[in-house]
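Welcome to this tour. Open the model in your viewer, keep the selection tool at hand, and follow the stops below.

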Amino acid sequence: VRHRRALGLAAAGIVALYVATRVSVMDRLPYFIDEGFFGQFTNQGAHSLHMLFVSLTIGKEPMQAWLGIPWVKLGLNPLVAGRLVSAIAGLLTVGVIGLLGRRLGGALVGWVAAALAVVLPFFFVNDAVGIVEPLVTLIVALALLLSLELAIRPGLKLGALLGVVLAIGVLTKQNTEPALL
């Protein structure tokens with residue numbers, strides 16, 4: 001029971017630190033052109049099914065915009081929706097990195113890896129901005145974790161899940177394609 005409580009507190013601490021750091025940065029960073037593009041695509045997709053693939057007109061994959069649409073439908077500004085998508089993807093990435101660390105080096109390595117992912121400057125800034133890179137990082141990390149699990153425990157369910165993650169990657173950004181190899 002004590003051990004479980006300590007793990008719960010550690011997880012809550014990592015999540016709280018993540019949320020506090022990303023929210024503090026989100027409010028201070030100005031919007032820039034890529035966020036504007038994705039915000040516009042999100043807004044157009046939220047108001048017309050015919051515009052779900054509008055991002056392809058300038059060579060941008062649609063997943064980031066698609067994930068922002070529900071937030072726009074809930075009343076958020078499209079630029080805020082994009083930042084929220086990035087922040088959620090970043091938080092999920094922290095969890096996946098923790099699981100990777102645990103799988104490769106044990107529980108302590110997993111907790112340290114997750115905590116470091118929260119404070120790593122690259123993640124710190126990118127997770128607070130409405131760009132596609134946090135989603136790409138999540139997809140590649142998840143593909144790595146699933147590939148590792150599939151090598152250890154081959155099975156149809158894991159293989160199918162990896163296929164879905166890789167398909168989402170193709171809809172997110174072209175640079176996720178090396179994960180297919």
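Select R83 and E35 to begin: both are buried, where buried means under 20% relative accessible area, exposed over 50%, and partly exposed in between (1.4 Å probe, protein chains only). The two form a salt bridge, with their closest N and O atoms 2.6 Å apart; the term stands for a side-chain nitrogen of Lys or Arg within 4 Å of a carboxyl oxygen of Asp or Glu. R83 belongs to helix 4 (residues 78–105) and E35 to helix 2, so this pair ties together parts that are 48 residues apart in sequence. Helices here are DSSP runs (H or I, at least four residues), as strands are (E, at least two), and they are numbered from the N terminus.

A word on the ground rules: this is a predicted model, in which local features need pLDDT of at least 70 and side-chain atom pairs count only at pLDDT 80 or more, while totals for chains, interfaces and linings use all residues. Residues are numbered from 1 along each chain as its sequence is written, and side-chain values use heavy atoms, leaving out hydrogens and water.

How many salt bridges does the count come to? It comes to 5. For one of them, select R22 and D127, whose side chains meet at 3.3 Å, N to O. R22 lies in helix 1 (residues 2–26) and D127 in the loop between helix 6 (121–126) and helix 7 (133–152), so the pair ties together parts 105 residues apart in sequence. R22 counts as buried at 1% relative accessibility, and D127 does too, at 3%.

Next, select E149 and R103, joined by a salt bridge of 2.7 Å, N to O. This pair links distant parts of the chain, with E149 in helix 7 and R103 in helix 4, 46 residues apart. E149 is buried at 12% relative accessible area, whereas R103 counts as partly exposed at 37%.

**Aromatic rings**

The whole structure holds 4 aromatic pairs: rings of Phe, Tyr and Trp (its six-membered ring) with centres within 6.5 Å, called stacked if the planes are under 30 degrees apart, edge-to-face if over 60, and tilted for the rest. Select F38 and F41, an edge-to-face pair at 6.2 Å centre to centre with 90° between the planes. Both lie in helix 2 (residues 33–47), 3 residues apart, about one turn of the helix, and both are buried.

**Out to the surface**

Now select L17, L108, V112, L116 and V119, which form a nonpolar patch with about 470 Å² of accessible area together. Patch members have over 30% relative accessible area and no salt bridge; nonpolar side chains (Val, Leu, Ile, Met, Phe, Trp, Tyr) are joined within 5 Å, like charges within 9 Å. Accessible areas come from the Shrake-Rupley method with a 1.4 Å probe, and for residues only the protein chains shown count as cover. Helix 5 (residues 107–119) gives the most to this patch, with 4 residues.

To finish, show the whole chain: 8 helices and 0 strands.
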